[in-house]
Amino acid sequence: MKKILIINGHPNAESFNFGIAEAYKNGAITSGAQVEIITIANLNFNPNLQFGYQKRTDLEPDLLESWEKIKKVDHLVWIHPVWWGGLPAITKGFIDRLFLPGMAFQYRENSVWWDKLLKGKTAHIITTLDQPSWYYRLVYGRPSVNQLKKSTLEFCGIKPVKVSYVGIVKGSNEEQRKKWLEKVYTFGLKNK
């Protein structure tokens with residue numbers, strides 16, 4: 001049985017991202033997968049990595065519980081909107097505070113290289129856009145994807161990382177949203 005963790009990075013419980021998370025969860029459960037969800041906005045933690053890596057700030061209980069969930073699963077599904085080309089601040093803070101040296105990766109002594117401590121896991125990023133995905137890729141260079149996929153997940157050993165865009169959400173109608181939710185349900189059903 002595949003173990004899947006959905007990480008919802010949208011701070012607004014009324015957003016379409018919550019519908020996307022629910023659709024993926026329903027598809028994955030139908031397939032027989034074991035599914036857990038982290039809704040970052042519901043966690044009680046300080047998103048500021050105040051001292052960088054110079055001094056460790058103790059992890060709050062919600063972050064410790066989140067880390068245990070991340071360690072136990074095979075597949076991570078990250079759902080978030082693109083705001084100003086990047087991740088919502090709360091999602092970035094979650095990553096900053098949790099994906100730490102000694103946990104997600106480890107720098108090697110006297111070397112520019114590092115050990116990837118999350119090898120063996122896969123991921124899928126599902127991100128919503130208010131612009132065409134081709135425009136986000138070609139004009140802006142897809143900064144949120146580069147940050148989360150390349151500079152975080154793959155940096156820590158998570159591969160492969162699939163990326164799916166949902167949008168243009170702004171101004172979309174009920175019929176279009178239903179099609180997107182059906183597509184995401186299928187992702188869950190196939191454990192992608």
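Modeller: Two strands count as paired if DSSP finds at least two bridges between them. The model above is a predicted one.

Colleague: How should I read a sheet, and in what order do its strands lie?

Modeller: In general, the strands of a sheet are joined by backbone hydrogen bonds, and the pairing is either parallel or antiparallel. Here the sheet is open and has five strands, with parallel pairing and the order S2-S1-S3-S6-S7. At the edges are strand S2 (34–39) and strand S7 (161–167), each of which pairs on one side only. From one strand to the next, the twist averages 15°.

Colleague: Over how many bridges do S1 and S2 pair?

Modeller: Strand S1, residues 3–8, pairs with S2 in the parallel sense over six bridges. To find the place in the structure, look for Lys 3, which stands opposite Gln 34 in S2.

Colleague: Which strands does helix H1 touch?

Modeller: Helix H1, residues 16–31, packs on the sheet and touches S1, S2, strand S3 (75–81), strand S6 (122–129) and S7. The direction of H1 makes about 175° with that of S1. Helix H2, residues 61–72, also packs on the sheet, where it touches S1, S2 and S3. For H2 the angle is about 145°, taken with the direction of S2.

Colleague: What about the other end of the sheet: over how many bridges do S6 and S7 pair?

Modeller: S6 and S7 pair over seven bridges, in the parallel sense. One example is Thr 127, whose bridge partner in S7 is Tyr 165. S7 is mostly covered, with five of its seven residues buried.

Colleague: Which residues does Leu 98 touch?

Modeller: Leaving aside residues up to four places away in sequence, Leu 98 touches Leu 59, Leu 63, Ser 66, Trp 67, Ile 70 and Met 103.

Colleague: How do I read two aromatic rings together?

Modeller: Use the distance between the centres and the angle between the planes to describe such a pair. This structure holds 13 aromatic pairs. Take Phe 16 and Trp 180: the ring centres are 6.1 Å apart and the planes stand at 55°, so the pair is tilted. The pair links distant parts of the chain, since Phe 16 is in helix H1 and Trp 180 is in helix H6 (residues 174–189), 164 residues apart.

Colleague: Does Phe 16 count as buried or exposed?

Modeller: The cut-off for buried is under 20% relative accessible area. Phe 16 has 12% relative accessibility, so Phe 16 counts as buried. Trp 180 has 11%, so Trp 180 counts as buried. Another tilted pair is Trp 78 with Phe 99, at 6.1 Å centre to centre and 55° between the planes. Trp 78 is in strand S3 and Phe 99 is in the loop between H3 and strand S4 (105–107), 21 residues apart.

Colleague: Which charged residue sits over the ring of Phe 16?

Modeller: That is Arg 177, with its charged end 4.7 Å from the centre of the ring of Phe 16. Likewise, the charged end of Lys 55 sits over the ring of Phe 51, at 4.6 Å from the ring centre.

Note on methods: Residues numbered from 1 in each chain as written. Predicted model: local features only at pLDDT ≥ 70, side-chain atom pairs only at ≥ 80, totals over all residues. Heavy atoms only, no water. Helix = DSSP H or I, 4+ residues; strand = E, 2+ residues; numbered from the N terminus. Axes fitted to C-alpha atoms, helices over the stretch in contact; angles between N-to-C directions. Contact = heavy atoms within 4.5 Å. Phe/Tyr/Trp six-rings, centres within 6.5 Å; stacked < 30°, edge-to-face > 60°. Buried < 20%, exposed > 50% of the residue type's maximum accessible area, 1.4 Å probe, protein only. Lys NZ or Arg CZ within 6 Å of the ring centre and 35° of its normal.
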